[in-house]
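Here are my notes on the model, as numbered points. Please read them with the structure open.

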Amino acid sequence: MAHTAMSGNGTTAGDDPLQTAVWRLRSRACWADAAALLPPDTPATALQRATLLVERCLYTERGWAEAEDALRTAEALAHGDEERGAAACERGQLAYASTLHGVRDRADEARAALGRAAALIPPGAAGRALLDFRRGLLAENLTRSPQAARAAYRRAHAGAASRADQLLLSFTWRHLAGLALRDGELAEARHGFAESLRIREELGYLVGTAPALASLADAESEPEASRLREEAGRLFRLLGGVPTWLARQLTPPAPAPDAATA
């Protein structure tokens, strides 16, 4: 995502100091504080504010009204196809998060918004890889179409790699690995989960590190699996129980009934 009069996204040395501050807050689950640093008076900053607050909804299951307000501002300020497409992509993500968390069924809105974004953002444009990834999320988690999800994730992965978008690569690695795990491809799953974890640790993406640890644990055998889950749980508690949905993944499976008592 390009930000007018700013350089980088805050993850590397030499980036704009404002973006560095925003990234540090975002990576520590302080989305509202990060958004407060950005004046909503240009298309780029308004869109970035909306992105942060939509992400907060996905990770915390709260802040829906603030995200809607920020998104409406971004939509009103957007000029040109790519800015309108980026705003539509965020609209689709917010509707997806609402549906996924059972707040309100907005699956049709999510599909329509991402379809509109696809019509506005041309292949090869800066926002296309993120759009492809989000279309994969929709296919995997709402449509229950793993083949369509895999194809979308692969397009997103290639696009992120071509633009050296390390954060997005950490997501595409993780979700491709999740599909591999579902298919019983343990070696492929371990590799993808390990790459996702490596990137997130290198970026300092703390809020995404616990999910990466937990996912890798699902593909490992004992005692490594328990060690990874313990580390994920420590980070999860450190961030005050964020992301909320990780609590289910960190709950150990119930022990099998003893043969003598079954």
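**Notes on the model**

1. Helices here are DSSP runs (H or I, at least four residues), numbered from the N terminus. The two side chains meet in a salt bridge, 2.4 Å from N to O. A salt bridge means a side-chain nitrogen of Lys or Arg within 4 Å of a carboxyl oxygen of Asp or Glu. Asp69 is partly exposed at 43% relative accessibility, and Arg72 is partly exposed at 45%. On this scale buried is under 20% relative accessible area, exposed is over 50%, and partly exposed lies in between (1.4 Å probe, protein chains only).

2. A word on the basis. This is a predicted model, with residues numbered from 1 along each chain as its sequence is written. Local features need pLDDT of at least 70 and side-chain atom pairs count only at pLDDT 80 or more, while totals for chains, interfaces and linings use all residues; side-chain values use heavy atoms, with hydrogens and water left out.

3. Side chains of opposite charge can pair when their charged atoms come close. The structure holds 21 salt bridges.

4. Where does the salt bridge between Glu55 and Arg26 reach across the chain? Its closest N and O atoms are 2.8 Å apart. The pair links distant parts of the chain: Glu55 is in helix H3 (residues 43-60) and Arg26 is in helix H1 (residues 17-27), 29 residues apart. Both residues are buried.

5. Helix H6 (residues 107-120) holds another pair. Asp108 and Arg111 sit three residues apart in H6, about one turn of the helix. Their side chains form a salt bridge at 3.0 Å, N to O. Asp108 is exposed at 61% relative accessibility. Arg111 is partly exposed at 36%.

6. Ala107 also lies in helix H6. Its relative accessibility is 10%, so Ala107 counts as buried. Beyond its neighbours within four places in sequence, Ala107 is in contact with Thr99 and Leu142. Contact means heavy atoms within 4.5 Å.

7. Now the rings. The structure holds six aromatic pairs. One of them is Phe133 with Tyr153: the pair is tilted, 5.6 Å centre to centre, with 35° between the planes. Rings of Phe, Tyr and Trp (its six-membered ring) pair if their centres lie within 6.5 Å; planes under 30 degrees apart count as stacked, over 60 as edge-to-face, and the rest as tilted. Phe133 is in helix H7 (residues 128-141) and Tyr153 is in helix H8 (residues 146-162), 20 residues apart. Phe133 is buried at 5% relative accessible area, and Tyr153 is buried at 0%.

8. Ring pairs join Phe133 and Tyr153 with Trp23, Phe171 and Tyr205 in a cluster. The charged end of Arg200 sits over its ring, 4.3 Å from the centre. The test is NZ of Lys or CZ of Arg within 6 Å of the ring centre and within 35 degrees of the ring normal.

9. Which residues of H8 are buried? They are Ala149, Arg150, Ala152, Tyr153, Ala156, His157 and Ala160. Seen down the helix axis, they fall within an arc of 165°, so they line one face of H8. The arc is taken from the directions from the helix axis to the C-beta atoms. These buried residues pack against H7 and helix H9 (166-182). On the other side of H8, Gln147 and Ser162 are exposed.

10. Please check the backbone at two prolines. The peptide bond from Glu222 to Pro223 is cis, with omega near 5°. Pro223 is in the loop between helix H11 (206-219) and helix H12 (224-238). Val242 and Pro243 are also joined by a cis peptide bond, with omega about -5°. Pro243 is in the loop between H12 and helix H13 (246-250).

11. Look at positive phi as well. Glu61 is not a glycine, yet its phi is positive, about 60°. Glu61 lies in the loop between H3 and H4 and is partly exposed at 31% relative accessibility. Arg144, in the loop between H7 and H8, has a positive phi of about 60°. Arg144 is exposed, with a relative accessible area of 60%.

Key. Helix = DSSP H or I, 4+ residues; strand = E, 2+ residues; numbered from the N terminus.
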